[in-house]
Amino acid sequence: ITPSAELVFFSALDDTDDGDADNTALFRYNPNGTVTEIVRKGETAVGGTFDGFGGMRSNDLGDFVFTGRNDSGDPAADTAIYRVASGGSLALPLVAKGDTAPTSDPDPRIFRQLSEVRINNNNLVGFAGVLRDENGFAISDDSGLYTTNGSSITEILREGQLTPDGDMRFRDFASTFTGDVPRPAFNDLEQFAFTVDVVPVAGGQPMEGVFRASESELIQIALEGDGYEDGTFVNFDDPALNNQGLVAFLADLNIGFGTGSEGPFPINDDILILTDGNDYATVAREGEQVNGRTIAEIFFNNVATGIANGLNDAGIVAYEVRYEDGTNAIN
């Protein structure tokens with residue numbers, strides 16, 4: 001929803017003229033209280049007619065983006081990313097499966113999967129992509145993060161690239177099966193913030209890290225095993241990002257090990273952190289007292305359809321907690 005109360009939403013429809021062929025659509029609720037149909041299943045799409053919608057995101061101005069699937073039956077060219085201007089109803093295609101991706105590879109690379117589309121207030125669109133070669137075969141280092149302004153596409157970061165310290169390589173910016181790893185946040189500074197697996201250059205098991213990246217920077221926010229307060233990081237959720245470049249992320253902080261009937265087990269605290277990549281502040285931590293109650297669990301990530309959370313441009317974080325007395329709250 002925008003500051004002016006404009007809202008874009010998806011709905012299934014009953015009693016349509018063509019039954020299953022036109023029974024879903026995207027709509028806009030306007031500030032004056034009217035509802036406008038934007039695009040419906042069965043209307044013209046890249047490669048055919050629309051057969052499905054997903055991944056809707058909007059900016060503060062009312063412009064929104066979505067992924068649309070066509071009915072061509074061709075898995076190599078059945079999806080595209082579309083943008084609709086604020087107040088408009090024309091869905092303009094930006095990038096489609098089958099389009100050539102901008103890479104430094106000596107051979108052409110083609111988008112085989114598009115996911116996690118975002119739009120900022122400058123109408124720049126960010127997304128995750130999986131690549132193939134021009135003959136349709138899988139390649140190594142096949143996923144990355146991209147931006148497009150509608151006329152050109154820029155590769156921001158690619159699987160296989162080195163982390164800032166040079167000790168690790170990035171892995172899996174999008175899953176070939178689900179398309180949702182990671183779920184990057186995207187801001188008006190054209191920065192992404194994300195949790196992703198990295199693999200040691202010298203060999204070893206993959207580990208998680210939180211990073212912020214744009215065309216001009218790559219910053220490591222936190223890495224599994226890093227020390228913080230009285231413990232070390234072991235897990236991260238998808239971070240949030242505001243238009244000042246601040247990153248809020250939830251992590252597990254390992255503070256030691258206990259011994260149970262089945263042997264040693266880790267003792268981890270939930271911890272929520274706000275950072276600009278240089279200075280770090282703890283927003284909340286498991287065991288902390290809030291209004292006389294003790295935090296037992298913290299819930300926070302940037303998934304739009306998930307639990308209540310948020311990070312605004314003033315650096316205020318909203319998050320959910322469960323207290324030891326069994327009650328829940330939004331703080």
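Leaving aside its neighbours within four places in sequence, with which residues is Asn-302 in contact? They are Arg-57, Arg-183, Pro-184, Ala-185, Asp-238, Pro-239, Ala-240 and Asn-309, where contact means heavy atoms within 4.5 Å.

The structure is a predicted model, in which local features need pLDDT of at least 70 and side-chain atom pairs count only at pLDDT 80 or more, while totals for chains, interfaces and linings use all residues. Residues are numbered from 1 along each chain as its sequence is written, and side-chain values use heavy atoms, with hydrogens and water left out.

**Asn-302**

Asn-302 is placed in the loop between β26 (293-299) and β27 (310-311); strands are DSSP runs (E, at least two residues), numbered from the N terminus. With a relative accessible area of 13%, Asn-302 is buried (under 20% relative accessible area; exposed is over 50% and partly exposed is in between, with a 1.4 Å probe and protein chains only). Its side chain reaches the backbone oxygen of Arg-183 at 3.0 Å, and a polar atom of that side chain lies 2.5 Å from the backbone oxygen of Pro-239.

**Overall form and cores**

The protein has 0 helices (H or I, at least four residues) and 30 strands. Buried residues make up 46% of its 331 residues, and the C-alpha trace spans about 65 × 55 × 40 Å along its principal axes.

In soluble globular proteins, nonpolar side chains tend to be buried together. A nonpolar core is here a set of buried Ala, Val, Leu, Ile, Met, Phe, Trp, Tyr and Cys residues joined through side-chain atoms within 4.5 Å. The largest has 19 residues, and those with the most contacts inside it include Leu-157, Phe-170 and Phe-194. Strand β16 gives the most to this core, with 4 residues. A second, separate core of 16 residues includes Val-290, Ile-295, Leu-311 and Tyr-323.

**Salt bridges**

The count comes to 17 salt bridges, each being a side-chain nitrogen of Lys or Arg within 4 Å of a carboxyl oxygen of Asp or Glu.

| Asp-51 | Arg-69 | 3.1 Å |

Glu-116 is buried at 16% relative accessible area, as is Arg-118 at 6%. By contrast, Glu-297 is partly exposed at 28%, and Arg-322 is partly exposed at 31%. A network of salt bridges links Asp-105, Arg-109, Glu-155 and Arg-158.

Terms used. A polar contact is a pair of N or O atoms within 3.5 Å; within protein, one must be able to donate a hydrogen and the other to accept it, and residues adjacent in sequence count only if both atoms are side-chain atoms.
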